Amino acid sequence: MSVDAATVRRIAHLARIAVAEAEVPHLQGELNAMLAFVEQLSEVNVDGVEPMTSVTPMEMKKRSDVVNDGEITDDVVRNAPDTVSHFFLVPKVVE
Amino acid sequence: MTDLISMTIAEARNGLANKSFTSLELTDAHLAAIEAARALNAFVLETPDKARAMARAIDAKIAKGEGGPLAGIPLGIKDLFATKDVRTTACSKILGNFVPPYESTVTSQLWRDGAVMLGKLNNDEFAMGSSNETSCFGPVVNPWRREGSNTSLVPGGSSGGSASAVAALLCMGATATDTGGSIRQPAAFTATVGVKPTYGRCSRWGIVAFASSLDQAGPIARSTRDAAILMRSMAGHDPKDTTSVDRAVPDYEAAIGKSVKGMKIGIPKEYRLDGMPAEVEKLWTEGAAWLKAAGAELVEISLPHTKYALPAYYIVAPAEASSNLARYDGVRYGLRVPGRSIGEMYENTRAEGFGDEVRRRVMIGTYVLSAGYYDAYYLRAQKVRTLIKKDFEDCFAKGVNAILTPATPSAAFGIGEKGGADPVEMYLNDIFTVTVNMAGLPGIAVPAGKDAQGLPLGLQLIGRPFDEETLFSLGEVVEQAAGRFTPARWW
């Protein structure tokens, strides 16, 4: 399979990465090179094979549903680009 | 005073214990070496004040007879590990000046055991690369050069800063991470020892995530013994990482020097590639002979799905990366590039913040997970992964203790030489290492010789799950036979 220019633009939007029109042909070439490389997987017989979900066999761990951390609001917001009184600020979402 | 920077960790430990020198003296010697080696671009952040403060504190403890297994040993930390109050960027513009208010579990265990932090080490952006050329801080230079040449070579990647710094005697050991070969390939390119532990052996908590089902932290050091010493402190169960395994951490150092007599070593025929350099082939044969001379038994084995590991990896790893990297949105930390709407702000931030390689992988990952393509790509790759793991399980079930392979298909190459036109050219670097991540197994790269141009080459040993000890025993046999290799200083 290979991707066309429209698909490249669609993927960029799904990935939330702005891509300038001039970059599309170049990106299309790179993505198609990768897709051509992974194409060889289609020759593997995977009938009846379980997809891997955990590389190390282990029981799913559970923990008690308790508060074990908190009161660190300053730490939580200290790396944010824009805040006001412990809230993250973003461009207006609702008119 | 003795030469404080060319010692191994084991030697420095003795010197500190019998008061031949202090940790502060050892730390100062390394800080001076780092300052003189800025041409290598191995460190992206030097933390001399913190290093000296940590060294003084540990000297006081050593004087009282306290300390810990790594008391006073100066280390470098890959910039993928969150370090409390010390800038951590994953060498990406998108993390900007991120200063974590917390410490990764692995590094916290190193400080618990008395180690000293010299600074943060360069790596490929988000650990995506095999040459350390994708870092937003620029490429790292390998301290090794071809004989009679001034050409700057890559140290490998993604843990290029770690490998370069350890090889150039800037730190006694370093933390690193390995998703498809990012510890073992740079170790092979710089004549250092690199260990990728079994998946689950080290906590991933506080390490910037790339591909969560493949990422694993491990050490880079100048000897197998040093790597074993560091591994013991880095490994262990952590309730904060649900994939971390609750299993006692053995004394890995005790495995150094242990007899390998009677061990069955598999030589996988699928690793004999067409067009593989004769030197790599020769070294592999030589390595097998060393293990045989030490009493191991060599058997030819087959890992039939080997050739599918790299293509399957380039579906699974980007898919997980596209999901993990969705968090970089310009809202809670890192870079923000304004836009007219919140959507445009996300898109502008991620366009500006991610480098070319990261953008490429996020996009391919998004594609293989998208509606209509998930089954054809992602699900199929996860099935192939099951088959890759089964290949290894079949060999281990037949009594194979470990597998010997070359670590890389070639020695280090020049900066800018590979991957310019076709990204896949660069990806092929990991052809021998990536199977190990896909199967969750432990692997070690040990320096074993040089190519015709005087560049180091490494051998890789692959072990059974949680049997790192056997790898240390076998690695030591290779090290004893091959000797250790140090680059001639030019910087």
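Guide: Gladly, and let me begin with a term: two strands pair if DSSP finds at least two bridges between them. Strands themselves are DSSP runs of E with at least two residues, helices are runs of H or I with at least four, and both are numbered from the N terminus. Residues are numbered from 1 along each chain as its sequence is written, while chains are lettered from A and ligands numbered from 1 in the order in which they are written. Please keep in mind that this is a predicted model, in which local features need pLDDT of at least 70 and side-chain atom pairs count only at pLDDT 80 or more, whereas totals for chains, interfaces and linings use all residues.

Our part is strand β6 of chain B, residues 216-221. Because 6 of its 6 residues are buried, the strand is largely enclosed by the rest of the structure.

Now for the partners. Strand β4 of chain B (residues 173-178) runs antiparallel to β6(B), and 6 bridges connect the two. One place to look is B:G173, whose bridge partner in β6(B) is B:A221. Strand β5 of chain B (residues 193-196) is also antiparallel to β6(B), through 2 bridges. There, B:V193 has B:A221 as its bridge partner.

Strand β1 of chain B (residues 43-46) pairs with β3(B) in the antiparallel sense over 3 bridges, including the one from B:E46 to B:G119. Together with helix α4 of chain B (residues 105-112), β2(B) and β3(B) make a right-handed β-α-β unit; right-handed means that, with the strands pointing away from the viewer, the path from the first strand over the helix to the second runs clockwise.

What about the nonpolar core, meaning a set of buried Ala, Val, Leu, Ile, Met, Phe, Trp, Tyr and Cys residues joined through C-beta atoms within 7 Å? The largest one has 169 residues, among which B:L75, B:V116, B:A312 and B:I315 touch the most other members. Helix α9 of chain B (residues 306-324) gives the largest share of this core, 11 residues.

Let B:A312 take us across to the other chain. Apart from neighbours within four places in sequence, the contacts of B:A312 include A:L41, B:A381 and B:M438, a contact being two C-beta atoms, placed from the backbone, within 7 Å. Between the chains, 37 residues of chain A meet 54 residues of chain B. On chain A's side, α2(A) supplies the largest share, 6 residues.

Note on methods. Buried ≥ 20, exposed ≤ 12 C-beta atoms within 10 Å, placed from the backbone. Core = buried A, V, L, I, M, F, W, Y, C linked by C-beta atoms within 7 Å.
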